[in-house]
Amino acid sequence: MASTRRQFLNRVLAAGVAAISAYIIYPVLRFLTPPQFALGEQETVVAATTDELKPNSAKFFKFQDKPAVLVRLPDGSYKALSAKCTHLGCTVSFESRKDDFLCECHGSEFDLNGKVLRGPAARPLPVYLVSIRGDKIYVSAGKQAA
Amino acid sequence: MKDFFGPFTAFIEERFDLTPLRRWARHKKVPQHKHSFWYYFGGLALFIISLQFVTGILMAFYYSPTPDTAHESVRYIMEKVHYGWLIRSMHFWGANFLVAVVLVHMFSTYFMKAYRKPRELMWLIGVLLAGLVLAFAFTGYLLPWTTLSYFATKVGVNMPMVMPGIGGFLSRLLAGGEDVGAATLTRMFTLHVVLLPILTLVLVTAHVFLSQVFGSSVPLSQKGYSEETRFFPTFVLRDSAVWAGMLAILIAFVTIFPANLSSKVNPVMPAPAGIKPEWYFLFLFQTLRTFPEIPAIAAVTIGLIIWMLVPFLDKRSAKGERSTFFTLFGVAILVYMIAMTMMAYITTEVH
Amino acid sequence: MIIAALGAADSLASQIPSFSDRLNFSLPLIAVLLVVSFFLLLKSYTVERGGKEDVPGRGGKDQPG
């Protein structure tokens with residue numbers, strides 16, 4: 001009788017302590033998690049002006065808080081891609097001689113469509129939409145086949 | 001000396017019974033055999049950790065952890081603050097020597113099978129402490145806000161991404177946002193100067209306490225050792241001699257190769273050519289360059305877990321028998337780390 | 001305030017004390033450390049050779065025997 005009463009008390013206490021711990025740990029964990037803001041799928045930025053880039057050169061800019069790159073091809077057209085290497089997140093550089101992107105951190109290479117030419121990266125660089133209005137070049141995250 | 005401390009000792013002794021402490025100090029012995037040399041590395045690590053605390057606290061008086069001021073305040077320490085070059089270079093070289101000493105300590109205790117019963121917990125805490133030392137190195141690396149440190153941190157915070165399910169969450173938790181930025185700098189700073197030091201203090205205390213409870217482990221091959229030295233004063237004197245020697249070596253390094261400060265990061269620009277981490281992360285760097293990231297990170301994680309659990313897996317040395325398998329396992333890991341490090345040096349040199 | 005006190009960004013090498021200045025600071029310290037280290041080692045061997053039954057002193061000051 002006494003022992004079951006003691007067991008019951010211990011269980012209630014254990015459950016109480018567990019509940020209090022969870023009640024304290026949960027807000028702490030939530031506090032440490034940075035708040036996430038909707039970045040907006042269609043967010044558009046002005047990446048450059050039309051007289052800024054010579055053919056076969058690139059400009060790096062921030063897009064949705066990540067590095068992105070705008071390339072002017074030799075034929076004068078533009079391509080915009082995420083410059084964040086899909087391997088471990090370093091910013092890729094543009095190699096005008098080889099017409100590709102190289103990540104200096106671990107040696108991954110991508111072509112101008114973002115396709116992986118050499119590992120260790122496995123996934124392609126996301127491609128962004130480019131549109132020109134007036135003398136401004138807009139880049140947006142619309143769906144586009146890579 | 002005795003007269004000087006006399007009143008103080010009398011004050012303490014009137015209030016506390018120091019007899020057990022005296023008896024302990026009198027009876028504590030250190031085994032003396034042909035592998036006793038390795039016993040000095042634990043104490044040496046403790047000494048360098050204390051140095052890191054001192055130089056770190058000093059730098060915290062000037063350092064300012066924001067993207068606009070971090071690099072500038074480190075430059076200020078180096079260029080304007082009196083003996084700033086000395087304090088920061090001590091911290092820099094101290095970190096490098098600490099990693100080296102901790103690695104030697106860990107591998108020497110491993111090969112002497114010092115982890116075997118009853119010291120399993122000591123080993124576990126020791127591996128955690130080695131992890132903390134590397135975490136200090138990683139978090140401290142970002143603080144000068146240089147291009148090199150920026151991309152090193154990017155790679156580091158992106159590594160958990162390969163974990164299914166919680167990877168993205170863990171990565172965001174470390175970076176404090178979508179990408180490495182101001183929030184990451186605050187996080188690394190807080191980890192480096194608040195959380196990791198507290199954890200280190202707790203674990204070092206536990207580790208040292210256990211080493212006093214169990215005493216030094218004697219390798220199985222030296223079981224019949226016949227000599228002992230007293231801990232007080234003999235071993236303490238030799239420990240101090242080693243520490244003084246270490247400090248002399250550190251000062252020499254600091255004088256000849258003061259820490260440098262590379263250029264401030266421009267977060268939009270690509271990673272510079274030939275970028276590579278500090279020597280102690282090169283084996284990991286080369287692993288990531290050679291293998292796809294998911295198997296690479298999974299293999300390293302599994303290896304680390306096995307490494308931590310070795311005292312519980314190695315049943316033979318627990319019974320006092322030779323366990324060749326675990327010796328070979330240690331050799332394999334050591335050979336892998338050295339080979340990958342050398343490969344990283346060779347391939348980046350060619351680049 | 002801090003930033004205002006700094007010169008051009010690439011001037012670090014010229015801003016910290018020269019090698020000979022650093023040496024002037026370090027050499028005496030290194031010398032003393034090595035001497036202290038040597039004598040600590042020497043002492044550890046002399047106390048070890050001395051009477052083992054002796055109670056080791058506090059502060060390592062009292063020589064046994």
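How many residues of chain C are in contact with chain B? The count is 28 residues of chain C, facing 33 residues of chain B. Two residues are in contact if their C-beta atoms, placed from the backbone, lie within 7 Å.

## Ground rules

This is a predicted model: local features need pLDDT of at least 70, side-chain atom pairs count only at pLDDT 80 or more, and totals for chains, interfaces and linings use all residues. Residues are numbered from 1 along each chain as its sequence is written, while chains are lettered from A and ligands numbered from 1 in the order in which they are written.

## Chain C and its side facing chain B

Chain C has 3 helices and 0 strands. Its pattern along the sequence is α-α-α. Helices (H or I, at least four residues) and strands (E, at least two) are DSSP runs, numbered from the N terminus. Buried residues make up 11% of the 65 residues in chain C. A residue is buried if 20 or more other C-beta atoms lie within 10 Å of its own, exposed if 12 or fewer, and partly exposed in between; the C-beta atoms are placed from the backbone.

Chain C meets chain B through 28 of its residues. The elements giving two or more residues to this side are α1 (2–5), α2 (12–15) and α3 (19–49) of chain C. Helix α3(C) gives the most, with 15 residues. By type, the side of chain C that touches chain B divides into 18 nonpolar, 6 polar and 4 charged residues. Here Ala, Val, Leu, Ile, Met, Phe, Trp, Tyr, Cys and Pro count as nonpolar, Asp, Glu, Lys and Arg as charged, and the others, Gly among them, as polar.

## The other chain pairs

Chains A and B also touch: 25 residues of chain A are in contact with 24 residues of chain B. Strands β2 (57–63) and β3 (66–72) of chain A each supply at least two residues to the side of chain A that touches chain B. The largest share of that side, 3 residues, comes from β2(A). The side of chain A that touches chain B holds 13 nonpolar, 8 polar and 4 charged residues.

Which pair of chains has the most contacts? Of the 2 pairs that touch, it is chains B and C. No contact joins chain A and chain C. Their closest C-alpha atoms lie 23 Å apart.

## Two sheets in chain A

In chain A, 6 strands form an open sheet in the order β1-β10-β9-β4-β3-β2, with antiparallel pairing. Two strands pair if DSSP finds at least two bridges between them. Strands β1 (44–49) and β2 of chain A stand at the edges with a single partner strand each, so one side of each is left without a neighbour in the sheet. Neighbouring strands of this sheet are turned by 30° against each other on average, direction ignored. The axes behind that angle are lines fitted to C-alpha atoms, for helices over the stretch in contact, and angles run from 0 to 180 degrees between N-to-C directions. Strands β9 (127–133) and β10 (136–140) of chain A pair in the antiparallel sense over 5 bridges. Val130(A) has Val139(A) in β10(A) as its bridge partner.

Another open sheet of chain A has 4 strands in the order β5-β6-β7-β8, again with antiparallel pairing. Its edges are β5 (93–95) and β8 (116–118) of chain A; each has a single partner strand, so one side of each is left without a neighbour in the sheet. Strand β7 (109–110) of chain A pairs with β8(A) over 2 bridges. Phe110(A) stands opposite Val116(A) in β8(A).

## Inside chain B

The largest nonpolar core has 109 residues, of which Val69(A), Cys105(A), Leu44(B) and Leu98(B) touch the most other members. A nonpolar core is a set of buried Ala, Val, Leu, Ile, Met, Phe, Trp, Tyr and Cys residues joined through C-beta atoms within 7 Å. Helix α5 (84–111) of chain B gives this core its largest share, 13 residues. Beyond its neighbours within four places in sequence, Leu98(B) is in contact with Ala45(B), Ile48(B), Ile49(B), Gln52(B) and Val133(B).

Helix α8 (167–175) of chain B has the buried residues Ser171(B), Arg172(B), Leu174(B) and Ala175(B). They cover an arc of only 160° around the axis, which puts them on the same side of α8(B). The arc is that of the directions from the helix axis to the C-beta atoms. These buried residues pack against α7 (147–158) and α9 (182–214) of chain B. Just after α8(B), Gly176(B) takes a positive phi of about 75°.
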